[in-house]
Amino acid sequence: MMADLRDLYREVIVDHGRRPRNFGLLPSANHRAEGFNPFCGDRLTLQLQVVDGMIRDARFEGTGCAISTASASLMTEAMKGRSTSDAEALFASFHAMLTGERQETDAALGKLEVLAGVREFPIRIKCATLAWHTLLAALHEEERPVTTE
């Protein structure tokens with residue numbers, strides 16, 4: 001069973017890394033933040049359209065490794081239609097999953113759970129969490145770029 005999960009992890013990372021969803025400019029964005037992972041060189045700009053406390057749309061631009069790109073792609077898919085408070089709660093669950101603070105599965109994560117495989121490569125956790133830290137910065141309208149260091 002563990003081999004099946006590893007295969008699924010690789011398949012999802014490759015798919016979203018090669019064909020990221022929600023990649024490109026979001027002209028209607030009213031929240032924006034930049035993120036940078038100096039270790040891997042990942043850079044991204046996250047753009048959100050937030051209306052009445054709801055994330056109506058999310059897109060990202062930038063360059064990065066397959067894990068960083070896949071995580072940003074999956075995250076933007078998961079954020080659409082969520083309230084900003086739900087988005088922050090999902091960040092907390094995702095971060096806890098990757099850092100090992102939480103061992104049990106969290107139904108709220110849905111297909112994001114596939115990124116749990118990153119835990120096997122601790123050096124890559126920063127790649128997987130870059131988009132998520134950038135999400136928090138965008139929601140809080142932080143001016144300075146986010147860094148994983």
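Q: A cavity is a set of points where a 1.4 Å probe fits but cannot get out. How much space lies in the largest cavity of this structure?
A: The model is predicted. In this model, about 50 Å³ of space lies in the largest cavity. The structure holds one cavity of 30 Å³ or more.

Q: What makes a residue part of the lining of the largest cavity, and which residues line the cavity?
A: A lining residue has an atom within 4 Å of a point of the cavity. F23, D42, R43, L44, F60, G62, T63, G64, S68, T69, A72 and L130 line the largest cavity. β2 (42–51), β3 (54–63) and α2 (66–79) each supply at least two residues of that lining.

Q: Why is α2 called largely enclosed by the rest of the structure?
A: Buried means under 20% relative accessible area. Twelve of the 14 residues of α2 are buried, so the helix is largely enclosed by the rest of the structure. Among the buried residues of α2 are S68, T69 and A72, which also line the largest cavity. After α2 comes G81, with a positive phi near 90 degrees.

Q: Which residues of α3 are buried, and what covers them?
A: A87, L90, F91, S93, F94, A96, M97 and L98 are the buried residues of α3. Their cover includes β3, α2 and α4. G100 follows α3 and has a positive phi, near 80 degrees.

Q: Why is α4 called largely enclosed by the rest of the structure?
A: Of the 15 residues of α4, 13 are buried, so this helix is largely enclosed by the rest of the structure.

Q: Where does α4 bend, and what span does the helix reach?
A: The bend in α4 is about 30 degrees and falls at A131. From first C-alpha to last, α4 (residues 125–139) reaches 22 Å, close to the 21 Å expected. Just after α4, E141 takes a positive phi of about 50 degrees.

Q: What makes the pairing of the R32 and E34 side chains a polar contact?
A: The cut-off is a pair of N or O atoms within 3.5 Å. The side chains of R32 and E34 make their polar contact at 3.4 Å.

Q: Which residues does R32 touch, leaving out those up to four places away in sequence?
A: R32 touches T45, L46, Q47, A138 and E142.

Q: Why does V14 count as partly exposed?
A: V14 has 38% relative accessibility, so V14 counts as partly exposed. V14 belongs to helix α1 (residues 2–18). The C-alpha atoms of V14 and A66, 52 residues apart along the chain, are 6.7 Å apart.

Note on methods
Residues are numbered from 1 along each chain as its sequence is written. This is a predicted model: local features need pLDDT of at least 70, side-chain atom pairs count only at pLDDT 80 or more; totals for chains, interfaces and linings use all residues. Side-chain values use heavy atoms; hydrogens and water are left out. Helices (H or I, at least four residues) and strands (E, at least two) are DSSP runs, numbered from the N terminus. The expected span of a helix is 1.5 Å times one less than its number of residues. The bend at a residue is the angle between axes fitted to the seven residues ending there and the seven starting there. Buried means under 20% relative accessible area, exposed over 50%, partly exposed in between (1.4 Å probe, protein chains only). Contact means heavy atoms within 4.5 Å. A polar contact is a pair of N or O atoms within 3.5 Å; within protein, one must be able to donate a hydrogen and the other to accept it, and residues adjacent in sequence count only if both atoms are side-chain atoms. On a 1 Å grid over the protein atoms alone, a cavity is a set of points where a 1.4 Å probe fits but cannot get out, and a pocket is an open set with protein on both sides within 12 Å along at least five of seven lines; lining residues have an atom within 4 Å of a point. Grid points are joined across faces, edges and corners, and a volume is the space filled by probe spheres set on the points.
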